[in-house]
Amino acid sequence: MISQDQSLTRLNSLIRIIGKIRLSLDFSEICQTAVNEARTLLNADRVAIYRFNPDWSGDFLYESAGSEWTSLVDAQHNDPLISKNVSSCSVKLLDTAKASDSHLQQTQGGVFATGELFRICPDIYTAGFSNCYIQVLESYQARSYAIIAIYVERSLWGLLAAYQNSEPRQWQEDEVEILIHIAEQLGVALKQSEYVRTIQEQSETLNQTLKDLQQSQAQLIQGEKMASLGQLVAGVAHEINNPVNFIYGNLPHIGDNVGDLLNLAQACRQAAPQSSDVQALLEQNLDIADLDFIAEDLPKMLQSMKVGADRIRGIVLSLRTFSRVDEAEFKSVNIHEGIDSTLLILGHRLKASDVRQKINIVKSYDELPLVECYPAQLNQVLMNLLTNAVDALDDAREHGKYDSDSEQLPTIWINTRQIDDQIEIQIRDNGTGIADDHLSKLFDYFFTTKPVGKGTGLGLAISKQIITEKHCGLLEVGACAEDGATFTIQIPIHL
């Protein structure tokens, strides 16, 4: 018999254990706390939690045992006897003494499934158990036990087992009550943990759904934007191309005709110098020196027009290269043509103006093979990266980085090279750089460091998706707050 003081002490300890169990929503932490505290309170050699599987086999999940005793949690995976015992007839250590030829797996929980709350055994050698059952208990090092059912609502979930291994033990009524209370709290905690897990799963599902919606929205916005830009560029290129071809095609004929007229004029002047009509025409419109100047300057003018027409044709070709609307979606292309066409479109932002310096472009192109890719989408990535670089340089200029006392000039470096079966494109600038706390969020949808109205937070997110998902490649950023930023693209040569 225990004294009233001991009962009060145990009651206070039970209250403390229940309080610790309720402090956590992590079921693993709750179970380990329960077995640790119960073993200390009862001064038992081992306290363990056993869980039933769907087929009514089972496993020891948590335990607290003295250092001199073998861990049942570890041994059930390593010791063939214990492993076999846990899943078959040995489980009757948790069943009745009378039903020595049955076990929990075959009876789907045995007496505990029928509503019996606990079983105790003071000494396995005097309880009338069969030799097979005693052998099972010995494999657990158990001499005495008290087993309590753990229910989740009304369903049998598992068992809370306290063992005395070193000697027999007469389990007191209040000790059994303590184990019953702990088992009840474990059942409540398990239900709560299921609620928490369900909420977490729903939260994860909602977060993923939100992420998918953001991604879809970003794709729709950027896709519509780039489709409109591609159609606009292609339309402008087409409209410019027709009159330019007309001009370019007629320039050689104009040159020939002008040459013939100049030759005729020269012949007329030499053949009829005394002609009153010719002389009158020269006096009214031009003198001999003017005719000589025209004969010399007009071919130069025609050549300048041809150079200008060539330039316009080159711009049109670059616009068509950028838009790619008249080509297959997937094909082998020259990467350098895409870079150059993108730079051409951004040309107005690279030139010097009244408010800014010229942006230097330093290109270092390695000899690359044709690359299998989605050229229009790859050009979109190049446009995003180069636009961001120009924005960073403009921002640095506004902060006085390239003033008259600075030796630095706003510069973008573009390097390409082949690495085994991949090509690498590196775009570096010496602008404002990227803050360390922004690096981890840089490729998130709708994240932007630009002021309202200047950025949507879609460019880099879409760019990374294009490189990683469409091209099985890599898009990384390296940044230094003082020396600008470096973006590196790696894509395979053959997809």
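Visitor: What should I know before reading the values?

Guide: The model is predicted, so local features need pLDDT of at least 70 and side-chain atom pairs count only at pLDDT 80 or more, while totals for chains, interfaces and linings use all residues. Residues are numbered from 1 along each chain as its sequence is written, and side-chain values use heavy atoms, without hydrogens and water.

Visitor: How do α11 and α13 pack?

Guide: Two packed helices are described by the angle between their axes and the distance between the axes. Here α11 (residues 335-345) and α13 (residues 375-398) pack at about 45°, with axes 10 Å apart.

Visitor: Which residues of α11 and α13 meet?

Guide: Ile335, Gly338, Ile339, Thr342, Leu343 and Ile345 in α11 meet Leu378, Asn379, Leu382, Met383 and Leu386 in α13; contact means heavy atoms within 4.5 Å. These residues divide into 8 nonpolar, 3 polar and no charged, with Gly counted as polar.

Visitor: Which residues of α2 are buried?

Guide: Buried means under 20% relative accessible area, with a 1.4 Å probe and protein chains only. In α2 (residues 27-42), the buried residues include Phe27, Ile30, Glu37 and Leu42. Asn43, with a positive phi near 55°, follows α2.

Visitor: Is Arg356 buried or exposed?

Guide: Arg356 is buried, at 19% relative accessible area. Arg356 sits in the loop between α12 (347-350) and β7 (360-365). Beyond its neighbours within four places in sequence, Arg356 contacts His348, Arg349, Lys351, Asp394 and Arg397.

Notes:
Helices (H or I, at least four residues) and strands (E, at least two) are DSSP runs, numbered from the N terminus. Buried means under 20% relative accessible area, exposed over 50%, partly exposed in between (1.4 Å probe, protein chains only). Axes are lines fitted to C-alpha atoms, for helices over the stretch in contact, and angles run from 0 to 180 degrees between N-to-C directions. The expected span of a helix is 1.5 Å times one less than its number of residues.
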